[in-house]
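Trainee: I am new to this structure and would like to work through it by question and answer. May we begin once it is in view?

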Amino acid sequence: MERMNSPLHDDDNDYERKGEVVTTTGMPALMDELIEEILLRIPASSLVRLRNSVCGSWRTLISSSQFAKDHLRRSMAVDSALTHPRIAYYSSSDSYPTIGIFSARSVFENPPREPTKVVAYEGRRCRSIIGSCNGFLCLHDDVLEGRAMLWNPCTGFTSQPLKIGGHFHYCGFGYDHVNDKYKLFGTVIKKSGEFVTRIFTFGPKSKWRTIQDFPNRLHHPDNKAFVVGWTGRFVSGTGTLNWLLCSGLDSFVAVLSVDLVKETYSQFSAPSRDSDDDRSVFPHLSILEGCLAVCYETEKTHWTLWLLKDYGVPQSWTKLAIIRKHPPLINYCLNDVVRPMYMLKSDVLLAKSPSGILILCNVKDGTTYVPNIDSSNDGMTKHPPLYRGSGSRIFHVYHESLVSPSHFGLPSCSSEMRLFKPSL
């Protein structure tokens, strides 16, 4: 890593203090280390604002690939507040070129009368979100057989769009921590109708590579299980994308995973559904506190939330919460479960209810209430405001970071996604 030149030293490395000569040899390097240690403790969004108003050596440090990695590693392992978790969303039913973003923590911390503000960004076309990882959102559009690109909302930088050559059937985005590579996985439907499974490694000379077919009916005794959802859930530190595999005929539920390091598939069991559960209500897989979580409807009276504390070890599934069904949370025309989004300190859960209402649920005493989120400027005019319902908005949690596409050899720009300004 390039070190900054400290202005706090004399040319001869000596100065007098009370008649003594004190050597300062080694102090510039020490000052550089102290400055870097201080900067590593500042949130990513604050460092982005500082970057253009500090001396050149600080700017070089903050913009470096190694500093971005060190800052991300520290914030995820030591102080998660440095990453400022945020929630991004798009509309899955209407063609809006905007993506709304709001602070996850402010939803929990703001008083009821103080709304959490949504900030919207506008692209050149309508895009969905495939997934998030290390501050990146992987965006996707279906124009000209599909394209994908990476966007870091904190820094504003995007990568050049990647041509997919078809339409995704299943897909996911994640990080290969062994080889320090970001990868996009997808089962692509080509013009001919042929299915092909590919992995793209983001980098200066990378391209699509065909791998073994996605086993979307893996290891069910009667081959009757199917994958729930089209996007895989990335679990940080494991290098895996994960889907639920379940049956509409019996209590079978499993997790089907893609290892982005080995580029292989595996499967392990999830908690079984009760024998009297409604088979038409499928469970939902999400990420909470860095772990896989699955939510079931149980006995038609409540939803049960399980957390996998040790990845890949079925015995570590732990019952996290029981959420009672209340009429405002139920959609009687749509069989669905509560969809967890984010949890604060293992106490309060932010989730999307089957009725579309976002709720905060205290998992210890079961109380729920609706947070005050102001989405009036998100540009999605056909959808209700978020405090009344989410409509067809799809939500993804991400954590702010300084990681840029240019850090792994991709051309990047800051003009693809811009702050949305609603017309008056």
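This is a predicted model: local features need pLDDT of at least 70, side-chain atom pairs count only at pLDDT 80 or more; totals for chains, interfaces and linings use all residues.

Trainee: With which residue does the side chain of Asp 141 meet in a salt bridge?

Mentor: A salt bridge requires a side-chain nitrogen of Lys or Arg within 4 Å of a carboxyl oxygen of Asp or Glu. For Asp 141, the N to O distance is 3.9 Å, and the partner is Arg 147.

Trainee: Is Arg 147 buried or exposed?

Mentor: The cut-off for a buried residue is under 20% relative accessible area. Arg 147 has 18%, so Arg 147 is buried.

Trainee: Which residues are linked with Asp 141 and Arg 147 in a network of salt bridges?

Mentor: A search of the whole structure finds 18 salt bridges. The network that holds Asp 141 and Arg 147 also links Arg 124, Arg 127 and Glu 416.

Trainee: In the salt bridge of Arg 339 and Asp 336, which residue is buried?

Mentor: The two side chains meet at 3.2 Å, N to O. Arg 339 has 33% relative accessibility and counts as partly exposed. At a relative accessible area of 16%, the buried residue is Asp 336.

Trainee: Which strands are the edge strands of the open sheet of five strands?

Mentor: The order of the sheet is β29-β3-β4-β6-β31, with antiparallel pairing. Strand β3 pairs with β29 over seven bridges, and Ile 87 stands opposite Val 397 in β29. An edge strand pairs on one side only, and the edge strands here are β29 and β31.

Conventions:
Residues are numbered from 1 along each chain as its sequence is written. Side-chain values use heavy atoms; hydrogens and water are left out. Two strands pair if DSSP finds at least two bridges between them. Helices (H or I, at least four residues) and strands (E, at least two) are DSSP runs, numbered from the N terminus. Buried means under 20% relative accessible area, exposed over 50%, partly exposed in between (1.4 Å probe, protein chains only).
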